[in-house]
Amino acid sequence: MGRIKGISRLIYFSFLPLFCGLIYTQLFCYHRYQRLSNFNSIRIIDLGIPRGTIFGRNGRVLVKDKPCFNLCFVPFDLKNSEKVSNILAPTLNISQEKIKFILEKKYFNPFEQQFLKRDLNKKEVAFVEEKGEQLSGIFVQVGLKRDYKLGKKAGHLLGYLGEVSPGELQEKRLKEEVIKGGDLLGKEGIEKVFDALLKGKRGGIRVEVDAHGHKVKILGKKESAPGNSIILTIDSYIQESVAKNLGRYQGSVVVMDPRNGEILALVSKPSFDPDDIGPYLSRPGNPFLNRAIKGCYPPGSIYKIITELAALEKGIITPSDKLECRGVLEVKEGEMTRLFHCWVDKEIGEYKQHGWIDINTALPQSCNIFFGQVGLMVGAKDLLAYGKKFGLGSPMGIDLPGEKSGYIPRPRLSGGALNLSIGQGALLVTPIQLANLIATIANGGNIWQPEVVKEIVEPSGNEILSFSPHLRGSVFIPKENLFTLREGLYNVVERGTGRNSRVEGLAVCGKTGTAQIAKAELELPTHGAFVCYAPKENPTIALCVFLDRASSAEAATIAGRILKDIFFPPAEGDDENEKD
Amino acid sequence: MTKMKKIDWLLLLLTIFLVLIGTALIYSASCGIKTELSNLVTRQITWIIIGIFLLLLFINFSYRNLAKISYPLYFLSFLLLLLVLFIGKGRAGTSRWLTFAGFYLQPSEFSKLIFILVAAKYLADIGKKVKRFSFLIPYFLLTAIPFLLILKQPNLGTALVFLPISLGILWVAGIRKKHLTSLILLGLFSSPVLWFTVLKDYQRARLLVFINPNADPLGSGYNIIQSRIAIGSGGLIGKGFLHGTQSHLAFLPEYHTDFIFCVLAEEWGFIGGIVLLFLYFLFLRELIKIAVGASEPFARLTATGIAVMFAFHIFVNIGMALGMLPVAGLPLPFLSYGGSSLLTFLIAVGIALNIKKNEMMF
């Protein structure tokens with residue numbers, strides 16, 4: 001019992017400091033705290049969160065922070081939001097209702113600065129400074145913005161920043177990230193995937209203001225700290241060349257190094273301007289879709305590469321065996337007889353008749369009848385299994401958001417061996433998978449993990465993450481089969497369907513693909529694709545051009561131009577970029 | 001009728017009174033906000049109703065039965081604490097909550113009470129052997145398991161509650177003074193290890209900012225300064241109910257939970273603060289009386305643990321609001337918003353009332 005007394009004394013005694021604390025805070029310091037509370041005179045000015053710089057492989061800056069002027073306000077200090085919005089609306093080019101809505105929204109902490117408009121131009125800054133007297137509670141504050149050096153040319157790759165949404169706020173907080181409403185966040189591309197690593201530490205000051213909202217004294221300051229820098233595998237020169245050569249086409253291009261899986265360029269069109277995404281939100285053609293990794297298409301004749309490898313390996317056909325193409329093939333499917341056609345020769349307006357040909361002519365001519373017959377012998381199950389072996393139908397694991405896996409159907413639901421042999425049917429692939437497929441042929445069977453990031457470096461210069469080439473898997477391709485296939489691919493470019501990609505003085509191996517778009521699109525019912533690698537011996541470049549609503553010949557033309565830019569760069573002009 | 005007399009009406013009334021004060025304060029703190037927080041009062045009232053129901057249930061649930069199931073309960077709470085580490089959700093990078101049918105449950109709150117039961121059970125069972133150090137080792141394990149699991153969440157405040165409870169019960173059970181002294185010394189020497197291994201950056205920041213609030217004007221220091229302004233500007237008589245400017249404008253994100261005392265001190269002033277302290281004083285005195293009057297070791301130790309738990313919460317929470325202690329994130333009993341803590345506190349009162357009812361019933 002005595003011991004409980006001891007505890008009770010301790011408990012009773014603990015009230016004494018609380019009692020004294022109350023006396024001190026509420027009676028002795030009353031006037032001081034009352035003054036602070038009456039004017040509500042403490043404001044927090046957010047100086048922004050610096051982000052790291054993103055570099056290309058050759059050291060060129062692709063994205064970096066730069067100072068900008070933001071129009072800010074402290075909700076508590078606003079006297080007349082009606083009047084303020086009237087004055088500001090014409091100059092800021094925002095409707096008066098919108099301004100009023102932003103100003104009058106309920107904020108969690110009304111003493112904390114909020115943004116009315118980011119990145120003011122000179123005229124707007126001058127206007128606000130001039131009208132300062134009438135705009136109580138509104139002020140211009142220096143902040144940070146992103147400067148995307150490549151603009152639209154690398155929109156999908158690098159991404160853009162946007163204000164954090166309520167859902168993201170919740171999610172980021174769960175991951176221990178320091179974040180608050182109004183903060184900027186990477187919303188696409190590298191900026192999104194590496195957001196947490198790019199972000200530095202927020203800077204801010206805490207100031208005491210007088211009744212008019214003017215700063216009287218700085219109570220505390222927290223210096224901001226820069227974020228980590230990222231060095232990409234992207235070659236800015238190739239990226240720009242690709243964007244230029246893709247021109248106004250809708251589609252995507254992936255360029256990679258077949259020796260290690262490094263992505264040298266990745267472009268999707270239509271694109272958006274990461275500095276100002278507003279106008280693109282309502283544009284047709286889905287400019288925010290990164291077609292290179294999210295576009296799922298039938299591979300078309302490019303899949304004949306798989307059909308050929310499967311047939312050769314299973315011994316169904318030898319390089320010297322010949323099959324006849326009469327432009328049409330009658331196939332019994334149960335009760336029905338189906339007519340399977342070769343492609344339409346536009347010059348004569350009829351189905352192409354290749355006659356008796358071997359595989360070395362069939363591939364360059366992309367003969368459907370030849371490969372259809374071969375495919376029937378291989379069977380749907382193996383055609384699909386071979387595709388899977390090359391990584392089709394599963395995400396390649398690139399460090400960009402939202403990569404799709406494509407689709408490898410079950411044999412029963414695939415649409416049959418005939419369709420599969422020429423890349424039609426229920427099969428779907430992404431352009432990056434096709435780039436990887438041709439890279440695997442180029443390097444003789446290695447499936448590399450596509451990488452966009454080379455290394456991540458701390459502000460102090462220490463490397464924190466380094467991405468070395470990573471082998472996802474490999475496919476065994478017997479030497480002679482590889483030789484046959486590669487010769488065929490070479491002939492595709494030399495004298496076959498991919499002639500448009502020929503580059504003088506460079507041996508290119510490639511394959512065209514034309515895939516039908518599902519129904520409805522009657523005018524231009526095809527996707528045009530072209531995959532290739534170069535040079536033929538010891539290849540260093542593999543690429544895939546995939547165009548929506550265009551022909552494979554157009555895709556081959558673009559590929560040729562890109563290859564020319566890479567292997568025979570023009571002497572002047574863009575060269576300067578590489579040096580800085 | 002004799003049974004009715006056995007009810008500690010003062011304790012029950014104090015509890016209900018405090019709960020009502022809490023509801024009023026939460027109403028005041030949340031009425032300025034038009035966000036997801038606006039239905040706080042309705043939710044708190046739901047919890048109060050459930051809590052009072054449980055309280056009444058526990059008055060009539062013999063503590064002897066509680067003693068019997070204390071180990072299984074302890075094991076269950078151990079599982080829940082493990083579970084929360086893996087699938088729990090929480091704010092600001094913590095995992096404290098388990099979602100259960102749309103309600104957030106915080107197992108660490110209940111685990112305090114369950115720990116009290118198991119600690120009392122163990123010490124009551126070993127009786128006089130408490131004087132032998134070797135018999136204390138299982139007891140330390142019983143303390144360390146929930147302590148470390150909760151520290152790992154991380155929830156420094158709640159984890160710390162286990163230490164005074166554990167020591168308090170041990171003291172009343174009759175531990176040797178030299179054992180206790182060496183224990184406390186051991187604790188002091190091992191705390192630097194905890195500082196570097198278990199504590200997270202933000203917890204260290206909180207402790208450091210406590211020394212100089214202006215060092216981090218955007219984060220932890222902000223809470224300390226704002227809560228002092230709120231309390232100080234209340235003055236002698238306060239600004240009046242619903243007339244607080246600081247707490248209303250939601251300076252502090254945790255006004256309705258850990259900083260609820262600021263709302264009271266700002267709106268009801270020094271007088272309000274003193275009255276609250278006095279109510280808590282009476283409340284604790286009743287609990288101590290129950291501990292003194294308890295007829296069996298288990299009952300006495302349980303009541304002691306409950307009293308220490310309440311005292312520590314009150315002391316740390318108000319001390320923190322006044323800026324005298326680091327921001328530890330402990331709720332103020334019956335006043336702070338939060339279902340799990342409220343239920344725990346009300347059940348604790350129920351158990352105490354049951355102990356009182358069974359006094360001298362040999």
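1. Chain B, contacts. In chain B, residues 24 or more positions apart account for 72% of the contacts with a separation of 6 or more. Contact here means heavy atoms within 4.5 Å. This is a predicted model: local features need pLDDT of at least 70, side-chain atom pairs count only at pLDDT 80 or more, and totals for chains, interfaces and linings use all residues. Residues are numbered from 1 along each chain as its sequence is written, chains are lettered from A and ligands numbered from 1 in the order in which they are written, and side-chain values use heavy atoms, with hydrogens and water left out.

2. Chain B, make-up. The chain has 14 helices and two strands. Helices (H or I, at least four residues) and strands (E, at least two) are DSSP runs, numbered from the N terminus. Of its 362 residues, 58% count as buried. Buried means under 20% relative accessible area, exposed over 50%, and partly exposed in between (1.4 Å probe, protein chains only).

3. A sheet in chain A. Five strands form an open, antiparallel sheet in the order S12-S11-S25-S24-S23. Strands S12 (263-269) and S23 (509-516) are the edges, and each pairs on one side only. Two strands pair if DSSP finds at least two bridges between them. Neighbouring strands are turned by 5° against each other on average, direction ignored. Axes are lines fitted to C-alpha atoms, for helices over the stretch in contact, and angles run from 0 to 180 degrees between N-to-C directions.

4. Inside that sheet. S11 (residues 251-256) and S25 (residues 541-547) of chain A pair in the antiparallel sense over six bridges. A:Ser252 has A:Phe546 as its bridge partner in S25(A). Helix H18 (residues 431-443) of chain A packs on the sheet. It touches S11, S12, S24 (526-534) and S25 of chain A, and its direction makes about 150° with that of S25(A).

5. Second largest pocket. Its space is about 1,200 Å³. On a 1 Å grid over the protein atoms alone, a cavity is a set of points where a 1.4 Å probe fits but cannot get out; a pocket is an open set with protein on both sides within 12 Å along at least five of seven lines; lining residues have an atom within 4 Å of a point. Grid points are joined across faces, edges and corners, and a volume is the space filled by probe spheres set on the points. Of the 37 lining residues, the closest to the centre are A:Trp343, A:Val344, A:Lys346, A:Thr514 and A:Ser552. S15 (336-341), S16 (344-345), S23 and helix H20 (552-567) of chain A each give two or more residues to the lining. The lining divides into 12 nonpolar, 16 polar and nine charged residues. Ala, Val, Leu, Ile, Met, Phe, Trp, Tyr, Cys and Pro count as nonpolar, Asp, Glu, Lys and Arg as charged, and the others, Gly among them, as polar.

6. Largest cavity. The whole structure has five cavities of 30 Å³ or more. The largest holds about 250 Å³. Its 22 lining residues include A:Gly48, A:Ile49, A:Arg118, A:Leu144 and A:Leu184, the closest to its centre. S5(A) gives the largest share, six residues. By class, the lining has seven nonpolar, six polar and nine charged residues.

7. Second largest cavity. This one has a volume of about 50 Å³. Its lining residues include B:Tyr74, B:Phe78, B:Ile114 and B:Phe162. H5(B) gives the largest share, four residues. Nine lining residues are nonpolar, two are polar and none is charged.
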